[in-house]
Amino acid sequence: MRALTLAALRARTGSVTFDRINGPTNSQATLRLFGRNITEQDVRVTLYRDNHAWCPYCQKVWMWLEEKQIPYRIKKVTMFCYGEKEMWYKNIVPSGMLPALELDGRIITESDVILQRLEDEFGELLEPLTAPRVVNLRRLERMLFGAWCRWLCYPQQVKAERKAKSAFEDVLGMVEQKLQATQGPFFLEEFSCVDVIFLPY
């Protein structure tokens, strides 16, 4: 069987369109209103995120906004690994750091700081980021990220790589234990800020 050409595939599936502004979340959107009766001029939040939608720090903020259905606009920026940051962005955020968020004209960087500011402004996602059990799970997420980076992001000798992989698997086991401690698929009783924080991994 031969692979279908793009034209043949389109002919079979028809024209698929969806509402990027009010429909399901998607990486191509530049404005999200969630069906609210407002215009872009009423939107208080702008998320600056990577073009390719794979930055985990950007994803945390993106998913939080989606889950809370806070209207926002999206401006896409080149990640360092793909080339130079756009000058317009460096004029806003001189470090070039992603993500950044503009809330009522004020720029905020660092995903954890952004999430805290969003929570302060729009309310918590099931529990506050500062609740003791949330803080403990956030520490576990940092451990997971650190172990993942040590294993995959730094070139090592074979023996050191095995040790780094084993350390990552140990932390992953701790994550699995936390997930198994609840009745459902989430870290707490329901989908929460903790799930948003772990979602990119």
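## A buried glutamate

In this predicted model, Glu66 has a relative accessibility of 12%, and because the cut-off for a buried residue is under 20%, Glu66 counts as buried. The residue sits in helix α2, and its side chain makes a polar contact of 3.5 Å with the side chain of Thr25. When neighbours within four places in sequence are left aside, the residues in contact with Glu66 are Thr25, Arg32, Phe34 and Tyr72.

## The sheet and its order

The strands form an open sheet of 5 members in the order β1-β3-β2-β4-β5, and the pairing is mixed. The edges are taken by β1 (31-32) and β5 (106-109), each of which has a single partner strand, so one side of each is left without a neighbour in the sheet.

Helix α2 packs on this sheet, where it touches β1, β2, β3 and β4, and its direction makes about 145° with that of β2. Helix α4 also packs on the sheet, touching β2, β4 and β5, with its direction at about 130° to that of β5.

## Strand β2 and its two partners

Strand β2 (residues 45-50) is largely enclosed by the rest of the structure, because 6 of its 6 residues are buried. It runs parallel to strand β3 (residues 72-77), to which 6 bridges join it; in β3, Leu47 has Ile74 as its bridge partner, while Arg49 has Lys76.

With strand β4 (residues 100-103), β2 pairs in the antiparallel sense over 4 bridges, and here the bridge partner of Tyr48 is Ala100.

## The nonpolar cores

The largest nonpolar core holds 37 residues, and those touching the most other members are Val61, Trp64, Leu65, Tyr72, Leu101, Val194 and Phe198. Two or more residues are given to this core by each of β2, α2, β3, β4, α4 (111-122), α5 (132-152), α6 (158-180) and α7 (193-198).

Trp64, again leaving aside neighbours within four places in sequence, is in contact with Ile70, Leu115, Leu118, Glu119, Phe122, Gly123, Leu125 and Val196.

How values were computed:
Residues are numbered from 1 along each chain as its sequence is written. This is a predicted model: local features need pLDDT of at least 70, side-chain atom pairs count only at pLDDT 80 or more; totals for chains, interfaces and linings use all residues. Side-chain values use heavy atoms; hydrogens and water are left out. Buried means under 20% relative accessible area, exposed over 50%, partly exposed in between (1.4 Å probe, protein chains only). Two strands pair if DSSP finds at least two bridges between them. A nonpolar core is a set of buried Ala, Val, Leu, Ile, Met, Phe, Trp, Tyr and Cys residues joined through side-chain atoms within 4.5 Å. Contact means heavy atoms within 4.5 Å. A polar contact is a pair of N or O atoms within 3.5 Å; within protein, one must be able to donate a hydrogen and the other to accept it, and residues adjacent in sequence count only if both atoms are side-chain atoms. Axes are lines fitted to C-alpha atoms, for helices over the stretch in contact, and angles run from 0 to 180 degrees between N-to-C directions.
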